[in-house]
Amino acid sequence: MSIGAKYPLKKIREGKAELLIPDPKAYIRSNGTYEPAWAPVFYNPRMVFSRDMTVLFLRYLANKGIGISLALDSLSGTGVRGIRFLLEPGNVEKVILNDIDPDAYELINENIRLNDLQERAESYCMDANTLHYYLPEVGLRAEFVDIDPFGSPIPFIDSAIWVARNKSYIAITATDTAALTGTHINACLRKYHARPLRLDCDKEMGLRILIASIILRGASKDIALKPVIAYYADYYYRIVFQVIKGARKADKLIENIGYIEYNTFNLDRRLIGGYPLPTNITNERVYAGPLWINNIGDPHVVKDLLKSLESMPWLQTTDRIKKLLEILSCEYMVNTPYYRLDKLCSKLHKSMPKLNDLLTCLRDKGYIACRSHFDPRGISTNAPLDEIVKCINSLV
């Protein structure tokens with residue numbers, strides 16, 4: 001029995017791909033919202049932004065003259081991500097799509113045929129880790145590996161590194177933000193070998209913990225995983241790493257792993273080195289980590305992504321992508337975790353000034369200052385805390 005006979009399907013368009021997906025009307029919650037997890041094959045319309053961003057990154061590589069002979073979509077669901085890789089960026093020759101669920105595997109094949117990609121797409125119905133270890137045994141390694149799981153990506157990292165070529169890219173999603181941001185401390189310790197804290201900059205802390213944890217897994221194999229672009233959106237983290245083989249290069253990255261030192265009295269914070277143990281511990285400060293203490297992304301890549309965006313007018317989330325990239329182009333130049341203005345003003349017993357006025361005040365003093373993409377109430381700045389306080393006092 002075909003999947004179309006077993007479940008109601010609906011044809012949609014995402015990017016340049018035509019897709020059959022489980023009909024959302026059949027999987028509606030009592031409050032009227034679509035619940036992707038209830039469908040027989042997972043398709044999440046909220047992740048269009050993530051998929052648009054990934055296709056844009058591949059177009060950026062294409063504009064740099066970097067071709068992808070093989071891309072791997074290891075947890076495919078309907079196959080939408082891998083199919084879009086073939087149709088949109090213009091530099092991907094072949095994609096392997098995979099899902100362990102037989103219904104998903106059947107729907108992937110339907111969507112491959114629907115888009116006439118039988119010559120360029122290959123499908124598997126395997127455990128993702130098994131596939132990653134199998135492909136090199138038959139002489140295949142990927143230039144782009146996409147890991148988009150439900151929950152933590154950690155179970156898939158070691159095998160993703162194994163299947164990736166040198167100078168390739170691994171794109172990773174993490175949706176277990178409760179563990180990374182300090183709600184579930186023991187879960188973070190188990191999965192990421194780091195201790196989080198409930199801080200006002202918790203979303204950035206979580207991303208930095210995730211980056212460090214994945215870098216250390218690569219370093220154990222003498223591989224440097226360099227973060228190229230990383231961000232938080234909706235309820236997940238997304239990071240693209242470049243894979244660079246070499247023990248010395250991995251050692252250099254480890255030098256950028258440390259801790260957030262946080263003063264609970266005045267909310268001052270800074271990133272410090274000293275992995276595996278923080279240095280200069282004092283009683284009035286607390287420490288979260290280990291975590292990544294260098295820039296979370298490359299501002300030059302962001303500028304090139306903005307240029308590449310102009311050549312992809314069909315993307316559904318263009319306005320949101322542009323807004324995010326414009327913030328990241330500034331935020332990537334700041335290496336102090338963001339301040340939440342409401343929390344800081346509450347500690348100071350001051351009313352909140354307009355956020356744009358505060359940013360202008362700090363820029364007039366010669367500092368980098370911008371909104372944080374992590375939180376609409378957040379500011380990212382390299383200004384010391386006392387200068388931020390002076391600006392708040394002058395504005396209130």
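Contact here means heavy atoms within 4.5 Å. Keep that cut-off in mind as you move through this predicted model.

**Stop one: helix 8.** Select residues 185–192, which form helix 8, and colour Ala-187, Cys-188 and Tyr-192, which are buried. Now look down the axis of helix 8: the buried residues fall within an arc of 100°, so they line one face of the helix. An α-helix has 3.6 residues a turn, so residues three or four places apart point the same way.

**Stop two: the neighbours.** What do the buried residues of helix 8 pack against? Show helix 6 (154–163), helix 7 (177–180) and helix 9 (202–219) to see these partners.

**Stop three: helix 8 with helix 9.** Display Cys-188, Lys-191 and Tyr-192 from helix 8; across from them, Ile-209, Leu-210, Ser-213 and Arg-217 of helix 9 make the contact. By class, this contact of helix 8 with helix 9 has four nonpolar, one polar and two charged residues. The axes of the pair lie 10 Å apart, at an angle of about 25°; helix 8 and helix 9 are therefore roughly parallel to each other.

**Stop four: past the end of helix 8.** Step on to His-193, just after the helix, and check its backbone: phi is positive, about 55°.

**Stop five: Arg-340.** Finally, jump to strand 13 (residues 339–340) and pick Arg-340. Is Arg-340 buried or exposed? Arg-340 is buried, with a relative accessible area of 15%. Leaving aside residues up to four places away in sequence, Arg-340 touches Asp-200, Asp-375, Arg-377 and Gly-378.

Technical notes
Residues are numbered from 1 along each chain as its sequence is written. This is a predicted model: local features need pLDDT of at least 70, side-chain atom pairs count only at pLDDT 80 or more; totals for chains, interfaces and linings use all residues. Side-chain values use heavy atoms; hydrogens and water are left out. Buried means under 20% relative accessible area, exposed over 50%, partly exposed in between (1.4 Å probe, protein chains only). Helices (H or I, at least four residues) and strands (E, at least two) are DSSP runs, numbered from the N terminus. The arc is that of the directions from the helix axis to the C-beta atoms. Axes are lines fitted to C-alpha atoms, for helices over the stretch in contact, and angles run from 0 to 180 degrees between N-to-C directions. Angles under 35 degrees count as roughly parallel, over 145 as roughly antiparallel, 65 to 115 as roughly perpendicular and the rest as oblique. Ala, Val, Leu, Ile, Met, Phe, Trp, Tyr, Cys and Pro count as nonpolar, Asp, Glu, Lys and Arg as charged, and the others, Gly among them, as polar.
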